[in-house]
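Visitor: I'm new to this one. Can you walk me through it?
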Amino acid sequence: MVRRVTWIVTCLLVVGVPGLVRADSIEDVQKKLIESNAKLKSYSCKMKMVQNLDMGQGNKVQSDYAGTTEWMRKGDKVALRTDLKGTAVQSFGGQDNKMEMSVTLVCDGDALYTLSTQMGQTMATKQKPDDSLGGEPKKFIDNIVAKHNVKVMPDDKVDGEACFVIEATPKDPADAATIAKTIMYFRKDIGVNVKTVGMDKDGKEVFSNTSSEFKINADVAADRFVFKAPEGVQVMDMTAGQPPAVNNGP
């Protein structure tokens, strides 16, 4: 939605009313997020992921997932566990295909394991963890800036917590065909991305990812970051060029 900005609001921005102060640059925001994130030892939160992609002519993809994330710093590495369950509906050619799905991501700091169940089939993979896994602000924002034109927006709040807000639009027009603009909210106190909303060229929301009910620096059991595949499920090792199956079952 395009808002008319009155001269009153413009004046408020200039004088710097709290909550409407614009940061100097993306580098300034990134630096502050890095500083606050460096103090973070662990957290757990609830997650919600919603997608509503309309490709026209009655073709749509809709999904709704919910779950939890646990995160812990391990020296210069991070451990992460995300558990999500939900439903996806694909509509093509007048036919609806509804699927129940569950996904578990486990990173022990050295490897990232993914366990997914869809349409009664369970598969597991092992990969090298992405450098920006867990949302470390420097790498996370560097990745955004590499492929997007970035604008720092006025500060806002999510669940009552002060946030920096970043708007990103793809540099490559081809990448904007589905997601023309993304708005990201980063909590100032912990440097974590707590809300992301993607919109199409008409300003319609295509997806939203939100994290809430944070528990900051609370104890997280170390075994939460140990992956063990269910009995009978082989893990496809994708850390090398060829992906041989590795049996991590009991």
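Here is a short chat about a helix, a pocket and some salt bridges.

Guide: One thing first: this is a predicted model.

Visitor: Okay. Which residues of helix H3 are buried?

Guide: H3 covers residues 137–147, and Pro-137, Ile-141 and Ile-144 are buried there. Seen down the helix axis, the buried residues fall within an arc of 55°, so they line one face of H3.

Visitor: And what is exposed on the other side of H3?

Guide: Ala-146 and Lys-147.

Visitor: What do the buried residues of H3 pack against?

Guide: Helix H2 (26–37) and strands E7 (148–158), E8 (161–170) and E9 (181–187).

Visitor: Switching to pockets. What volume does the second largest pocket have?

Guide: About 930 Å³. Its lining has 33 residues. Met-47, Gly-135, Phe-140, Asn-193 and Asn-209 lie nearest the centre. H3 and E9 are among the elements that each supply at least two lining residues.

Visitor: How many of those lining residues are nonpolar, polar or charged?

Guide: 17 are nonpolar, 14 polar and two charged.

Visitor: Now salt bridges. How many are there in the whole structure?

Guide: The search finds 12. In one of them, Lys-77 pairs with Asp-110, with the closest N and O atoms 2.3 Å apart. Lys-77 lies in strand E3 and Asp-110 in the loop between E4 and E5, so the pair ties together parts 33 residues apart in sequence.

Visitor: What does Arg-224 pair with?

Guide: Asp-83, with the closest N and O atoms 3.6 Å apart. Arg-224 and Asp-83 are 141 residues apart in the chain.

Visitor: Which residues do shared partners join into one network?

Guide: Glu-70, Arg-81, Asp-83 and Arg-224.

Key: Residues numbered from 1 in each chain as written. Predicted model: local features only at pLDDT ≥ 70, side-chain atom pairs only at ≥ 80, totals over all residues. Heavy atoms only, no water. Buried < 20%, exposed > 50% of the residue type's maximum accessible area, 1.4 Å probe, protein only. Helix = DSSP H or I, 4+ residues; strand = E, 2+ residues; numbered from the N terminus. Arc of directions from axis to C-beta. Contact = heavy atoms within 4.5 Å. 1 Å grid on protein atoms, 1.4 Å probe; cavity = no way out; pocket = protein on both sides within 12 Å on 5 of 7 lines; lining within 4 Å. Points joined across faces, edges and corners; volume = space filled by probe spheres on them. Nonpolar A, V, L, I, M, F, W, Y, C, P; charged D, E, K, R; others polar. Salt bridge = Lys/Arg side-chain N within 4 Å of Asp/Glu carboxyl O.
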